[in-house]
Amino acid sequence: MSPMSAARSGRRSGTLCFVESPVQLLNVLEWAHRAESTDKTDRITLVVLSPTDPMTRGQLRRMADLARDEGHTVRWEEARGGTTAPFHTIGGLAGALRKAARIVIGDPFSRYVQLLLTITRAAELVVVDDGTATMEFVSQLARGERLVRWHRRGGRPGPRDILFAPVSAAARRRLTPDSTRRTVEVFSAMPIDSIPDGVRVTRNEFTWTRARFGPPRMTKGADLVGTSLVETGVVDPDRYLEAVRALARTHGATRYFAHRRESSDKLHRLATEIGLEVVRPDLPLELIARRGPIGRTILSFPSTVVHTLPLALAGTEVRVAVCDIDPAWLTENASPRAQGFLAGVTGTARDVHRLASVAPAV
């Protein structure tokens with residue numbers, strides 16, 4: 001039965017994907033590319049729950065154009081455009097949520113996504129990578145814990161957390177496989193050890209990215225990849241700048257690819273105090289690196305890219321190197337879980353060169 005016939009007969013059909021970041025959208029394209037090769041998909045509608053910050057919106061616009069080029073339907077929602085925006089967005093999506101046979105999400109920790117999951121009755125749920133958070137999500141699901149982002153663990157729940165707890169608990173139940181009615185797939189490039197019973201893990205090899213872009217032209221020097229660990233309150237800003245200075249000096253890096261969440265003040269200091277050329281990418285770094293030009297060495301702190309860039313750049317001579325986070329760089333408010341989690345991100349990365357933690361002079 002075709003998807004259209006199924007819809008007319010009252011059966012659920014079609015795939016509805018929800019993304020809030022450029023990386024999530026990229027990984028939906030990777031999932032769809034793999035699904036199409038195994039004849040698993042019918043109609044894909046990609047819903048962008050747009051954030052407010054300009055850099056993320058710009059990258060999402062570019063990624064949405066790539067999705068349309070692939071033949072997918074894109075629905076852009078100003079999901080945060082005012083107090084009433086969430087009500088309009090959820091109300092407008094309710095019908096599609098109830099009809100969809102498959103739901104694909106990029107951030108199971110998102111309150112927006114958790115609320116949407118309470119509406120759907122789709123028989124198939126797919127979680128695509130949202131970076132290192134995917135590792136923590138799968139571990140928490142396996143242990144039956146409430147869904148909390150790794151850098152917030154150890155703190156007391158706030159009033160909003162308590163108010164939203166029933167919705168979060170319902171979403172967690174929806175993301176737990178049911179042997180008779182519901183399947184859950186995790187599509188990921190991240191290392192996942194603790195797999196919950198019934199969850200199917202599919203490896204993301206970045207085949208779509210490699211097929212569409214590159215191989216890149218390489219420059220002689222090194223490039224640095226930025227991180228939002230300062231913005232999330234994990235790493236002290238002065239310690240971070242000194243670590244970047246030491247890495248740039250040691251490896252001859254001149255360019256700094258900014259994370260979309262990095263503050264303008266911090267980026268200004270990197271440019272004026274260290275002399276780095278700050279690049280604000282208009283696409284996820286996996287695509288930027290694959291298109292080139294890119295340095296022969298890419299330097300990074302523990303982050304998603306130490307897992308994804310080796311896959312995206314497979315077959316090239318680009319070397320990815322990761323520098324550990326020194327415990328002395330952590331803020332006093334950092335989660336007790338932070339150091340162990342970051343060490344795990346580095347330790348489980350494959351095909352990367354591991355650097356000793358630099359010792360910034362402060």
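This is a predicted model: local features need pLDDT of at least 70, side-chain atom pairs count only at pLDDT 80 or more; totals for chains, interfaces and linings use all residues.
Residues are numbered from 1 along each chain as its sequence is written, and side-chain values use heavy atoms, with hydrogens and water left out.

**Exercise 1.** Classify the ring pair of Trp-208 and Phe-213, and state whether each residue is buried or exposed.

Solution. Rings of Phe, Tyr and Trp (its six-membered ring) pair if their centres lie within 6.5 Å, and planes under 30 degrees apart count as stacked, over 60 as edge-to-face and the rest as tilted. By this rule there are 4 aromatic pairs. For Trp-208 and Phe-213 the centres are 5.9 Å apart and the planes stand at 75°, so this pair is edge-to-face. Next comes burial, where buried means under 20% relative accessible area, exposed over 50% and partly exposed in between (1.4 Å probe, protein chains only). Trp-208 has a relative accessible area of 2% and is therefore buried; Phe-213, at 14%, is buried as well.

**Exercise 2.** Describe the ring pair of Tyr-240 and Phe-301, and locate both residues in the secondary structure.

Solution. The ring centres of Tyr-240 and Phe-301 are 5.3 Å apart with planes at 50°, so the pair is tilted. Helices (H or I, at least four residues) and strands (E, at least two) are DSSP runs, numbered from the N terminus. Tyr-240 belongs to helix α9 (residues 237–251) and Phe-301 to the loop between β11 (294–300) and α12 (305–312), so the pair ties together parts that are 61 residues apart in sequence. Tyr-240 is buried at 1% relative accessibility, and Phe-301 is buried with a relative accessible area of 1%. Together with Trp-329, Tyr-240 and Phe-301 form one aromatic cluster.

**Exercise 3.** Find which charged residue lies over the face of Tyr-240.

Solution. A charge sits over a ring if NZ of Lys or CZ of Arg is within 6 Å of the ring centre and within 35 degrees of the ring normal. Lys-266 lies over the face of Tyr-240, 4.5 Å from the ring centre. Elsewhere, the charged end of Arg-61 sits over the ring of Trp-76, at 3.7 Å from its centre.

**Exercise 4.** Identify the backbone feature at Pro-215 and the one at Phe-206.

Solution. Gly-214 and Pro-215 are joined by a cis peptide bond with omega of about 5°, and Pro-215 lies in the loop between α8 (207–212) and β8 (218–225). Phe-206, although not a glycine, has a positive phi of about 60°; Phe-206 lies in the loop between β7 (199–203) and α8.
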